[in-house]
Each structure stands twice: as structure tokens, then as C-alpha cells.
There are 2 protein chains.
Amino acid sequence: FFFVPFFRATFAMSKKAKTDPTELDPKVEAAVDELKKMQDKIEKVEEQFDQKVLELQAEFDKKKRPIFVERNTVIAKIPNFWYTAIVHHKAIEPLLLLEDEDIFAYCTSVFVDEKENVKKGFKIKMTFSSNAFFDDTELWKDVEYGEDGEAKLTHSGVTWKPGKNPGAAETTAEGKKRDRVEPSFLRFFEEESPDDLELAELIKEDLWSNPLQYYTGEAGDEFDDMEEFEEIDVDEEEEDLEDDEEEEEAEGGEKPK
Amino acid sequence: FFFVPFFRATFAMSKKAKTDPTELDPKVEAAVDELKKMQDKIEKVEEQFDQKVLELQAEFDKKKRPIFVERNTVIAKIPNFWYTAIVHHKAIEPLLLLEDEDIFAYCTSVFVDEKENVKKGFKIKMTFSSNAFFDDTELWKDVEYGEDGEAKLTHSGVTWKPGKNPGAAETTAEGKKRDRVEPSFLRFFEEESPDDLELAELIKEDLWSNPLQYYTGEAGDEFDDMEEFEEIDVDEEEEDLEDDEEEEEAEGGEKPK
């Protein structure tokens, strides 16, 4: 939309020259000052509106919280719920290691807590029963929005039991260290990566707000439908696996070295 | 963010195979049904919230309306106000013809009216005093959002006086027709082009909500600052015009044929 050919730029300058606000007569200047005051008035009403929406959101978050708590007791009855949901979320799934399934088996709940003032942020908490991988019972990632809207992320860290971090460098039988290509999903609770804000917001907005659609795979299907619009030139007789291969490449994917 | 290398795709398939929801035992199936009900409950609360926000927005639109009306009486004291504001809006400016300034001289007001139910749309109205260009006193563009969120645009049309449409094909002294490269800004009130929804929303959200910042050129300066981030390789000694030229080209602009 911002496409402006060259001749337009010079044209804009000639238009500008005709209406230079620095050459205003005093009457017009007074009107501009008056306009400034009106504009401040409008802005104040808009700030009131924003404040009311925040209050409303806090009110409805409080309404939803007990339902989320109750939902978690239901989710606890479904084995592998969160792992399965993440597997079906095309954007979050790539962060899972196959080994993470063994860890997620000990996950007793996921909870996203809004801060009292919703504008201020939220905290993603995963609780775990006693397991062979780490000592922690709760892992968390905290997102706090500052006055400037800038997000500050903090994390719980993970106290891995020796040799149990699937994302850590491996020591081979010959005693050589082998770097892992991909870190475990739990990396999210161990450090801040540049994509973590986006990931945290996806977990909150998508996964947490409606995990069932990911558990059943409904949401994933929608995504598959979207991909069909890209009209990828693939022989329809080919097998599914080969289709996937072609699609990933069409999306700009690269096979790992 | 949706980058998924090939080996990930096959990996996802193996993960999926482990947790196929079609093989649920009856107890788990009952829990999934229960979860579905909880999710519907959450959705209902969210719909209530959306409804409350709409009501709040309607309430605040009503509060703002008299200020907008008053603002227009102030704006009427500033010559060339809307034309100057548009000249400084980098996205809307390219739609102005130099000849449009003569038409805008007769513009007595611009007004954006929200529909009673804000979700339903808005109407952009420009009123004009009697002039040599067209017979209309009000030109308008109407945006109506349907139940499906799809926008339907309609327009007033412009009843041009003979030979006065600056966007129309010109007849040269030799009697030959010469096509205009660019139509007048008033084309917006004469037809629906694919970009008109975006343009209408820009007029409403940007220009209408705070035209003063465009009139003074403040908002334009912000935009210029943004361009500086693109690190364009331009000798700082060069003149402004040449800067503009280079920047336009760096943005993918093309000189017209």
C-alpha cells in the first residue's frame, strides 16, 4: 500500500509547498490551537474507553478463571492431553522433541494466569509430578509488559537430574560430545530466546484459550485447508508423506545438514 | 514462524501415531465430551465480553460524536485543512491529484459516522459548497460489515459538470483523447476498487481519529523516522529531493513509463 513512484514524491513536495503550516496567519493559528484542545479531549475519552475495556477484561478473566480450573480437572482425566494438543499446533509442534513425550507424561497441569491488570502480562505454569528428569514441580515463564508496552520475560529454570536433559549435548560411547540439533521444549523454561514472546502469546491465545480443538486436531485441519490455497504443483497420485515433503520445501523449508 | 523442515514433518507423524484420539477408551471419551462442554462455557463468557465491549464502544462513540461535530466547526476555520492533512498522510496522499486541491477548496466538512452497532460499519461523508466541478453537495462512501464480517462498500457517485472530472480522459486541442494516468481522489466516491476497504479504514482510523497530526505533518515525520531504520545507502550531503528519489526506489517504486 505504501508504493509511491518517484514522480509522486516530487508531486507531493509541490503540494506541500502550497500549504506550509509555518506560514499561518494568527486567526488560523488560534484555530489550530483550539483544534489541539479538541483533539486532547477526544484522546481523553478514548483513554477512558481503553480503561473501561481493561476493567471489563479483568472482570471477565475473573469469571473465566474457575471454569479454567474446572477444565483442568477434566483435562487431567485425558492421558497425554497437552502433548497431543501441542503436536497438532503447527507453530508450537516444531519445538517438541520426541523425547519430550516422556517428560509430558508427568505433566499434571498447564495454567495461564493473567496478571491482575491484564495490560501487565501473564504467567504460563506447568506442574509436574515427581519424575526421573528434573527436581522441579512447577516450571513457569512470566511475561510482563512495561509502561512502554515492551515485554520483559523471565523463567523458572529447570533443575535437570544428571544426564537427563534431552536438549543438552550428548556424550557418545566414545566419550565425545555431540551437540543436539534441537533443544527440548523445556528450553522455554530455561532461557529467553527472541521468539519466546511470540511463543508465549501463542500458548496463551491459541493453546490455552481452546486446547480441545488442538487435541482433536480440528484446528490443524483448518491449517491444512489453508495450505491448499497455495496451489502446490504436486501429482495427486503421490503418497501423503511425499506431499508433506514437497509442501515443506515450497514453504521455504530446508533439510537439515 | 511456520518454518518446519522436512525431518520435522515425518517426526510429527510419528508423534501423532502415538496419540491417535480415535482410539480413545470410553472413560477418556466421556472426559473429552465434558471438556467440550467446559469449552462452550468459556466461549459463552467470551461472547458476553465481546458484546459488552461493543456496547461500551457504542456508548463512547456517542460521547465522542458531539466533540467531533465541534471539532469540525474549528476545522472549518483552517483553510485547506483536509487537503493538507491528506498530503501528509503517506498512504493516502498518492491518491490525490494536484487538481484535487481546487476541488478540496470547496470541501466544507469531512465526517465519519459510526453505525449504531459499531460492528456494522461506518460512513465517510464529505460535504461541499456550490462549485464549478460537480452538482453534489455531499459525497459518501459506506462500509457495511455483514454477519460473516465481510465488508460491503457502496458510494454516492459524483455528478460531474461537463468536462470537469480531473480523473476523466482528456481531450487535447487536436480533439484526440488522452487517458489520465491517475484518477482524482474523488474516484473513491465513484466506484469500488479492491483497495477501497483498506483506504476507508485508514481514513477512519488515522485521518479522522487524529487529523491534526497529519495537518501539522508530525505523523509524517514519524513515518520518515521509520524509513531511516531501513539503512538506505545515501550520501548525507545529497539534497532532500535526491534522498526522496533513492528512498522511493529502495521501497520498490518504479518510474512510470
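In this predicted model, B:Lys123 stands opposite B:Asp142 in strand E3 of chain B. B:Lys123 also takes part in a contact with an aromatic ring: its charged end sits over the ring of B:Trp140, 4.5 Å from the ring centre.

**The sheet of chain B**

Strands E2 (residues 121-128) and E3 (residues 138-145) of chain B run antiparallel and are joined by seven bridges. They belong to an open sheet of four strands in chain B, ordered E1-E2-E3-E4, in which the pairing is antiparallel. At the edges of this sheet are strand E1 (107-114) and strand E4 (151-155) of chain B, each of which pairs on one side only. From one strand to the next, the twist averages 10 degrees. In general, strands of a sheet pair through backbone hydrogen bonds, either parallel or antiparallel.

**The sheet of chain A**

Chain A has an open sheet of four strands with antiparallel pairing and the order E1-E2-E3-E4. Its edge strands are E1 and strand E4 (151-155) of chain A, and each pairs on one side only. The twist here averages 10 degrees from one strand to the next.

Strand E1 of chain A covers residues 107-114, and six of its eight residues are buried, so the strand is largely enclosed by the rest of the structure. Its partner is strand E2 (residues 121-128) of chain A; the two run antiparallel, with seven bridges between them.

**The nonpolar core**

The largest nonpolar core has 112 residues. Those with the most contacts inside it are A:Phe185, A:Leu186, B:Phe185 and B:Leu186. Leaving aside residues up to four places away in sequence, A:Phe185 touches A:Ile86, A:Ile92, A:Leu95, A:Leu96, A:Asp100, A:Phe104, A:Met126 and A:Ile203. In soluble globular proteins, nonpolar side chains tend to be buried together.

**Aromatic pairs**

Over all chains, the structure holds 26 aromatic pairs. Two of them are set out below.

| Pair | Geometry | Centre to centre | Angle between planes |
|---|---|---|---|
| A:Phe68 and A:Trp208 | tilted | 4.7 Å | 35 degrees |
| B:Phe81 and B:Trp82 | edge-to-face | 5.2 Å | 90 degrees |

A:Phe68 lies in helix H2 (residues 26-75) of chain A and A:Trp208 in helix H5 (residues 196-208) of chain A, so their pair ties together parts that are 140 residues apart in sequence. Both A:Phe68 and A:Trp208 are buried. The ring of A:Trp208 also has a charged group over it: the charged end of A:Arg71 sits 4.5 Å from the ring centre.

A:Phe68 and A:Trp208 are part of a cluster linked by ring pairs, together with A:Phe81, A:Trp82, A:Phe111 and A:Tyr215.

In chain B, B:Phe81 counts as buried because its relative accessibility is 3%, and the cut-off for buried is under 20%. B:Trp82 is buried as well, with a relative accessible area of 6%.

Notes:
Residues are numbered from 1 along each chain as its sequence is written. Chains are lettered from A and ligands numbered from 1 in the order in which they are written. This is a predicted model: local features need pLDDT of at least 70, side-chain atom pairs count only at pLDDT 80 or more; totals for chains, interfaces and linings use all residues. Side-chain values use heavy atoms; hydrogens and water are left out. Buried means under 20% relative accessible area, exposed over 50%, partly exposed in between (1.4 Å probe, protein chains only). Two strands pair if DSSP finds at least two bridges between them. Axes are lines fitted to C-alpha atoms, for helices over the stretch in contact, and angles run from 0 to 180 degrees between N-to-C directions. A nonpolar core is a set of buried Ala, Val, Leu, Ile, Met, Phe, Trp, Tyr and Cys residues joined through side-chain atoms within 4.5 Å. Contact means heavy atoms within 4.5 Å. Rings of Phe, Tyr and Trp (its six-membered ring) pair if their centres lie within 6.5 Å; planes under 30 degrees apart count as stacked, over 60 as edge-to-face and the rest as tilted. A charge sits over a ring if NZ of Lys or CZ of Arg is within 6 Å of the ring centre and within 35 degrees of the ring normal.
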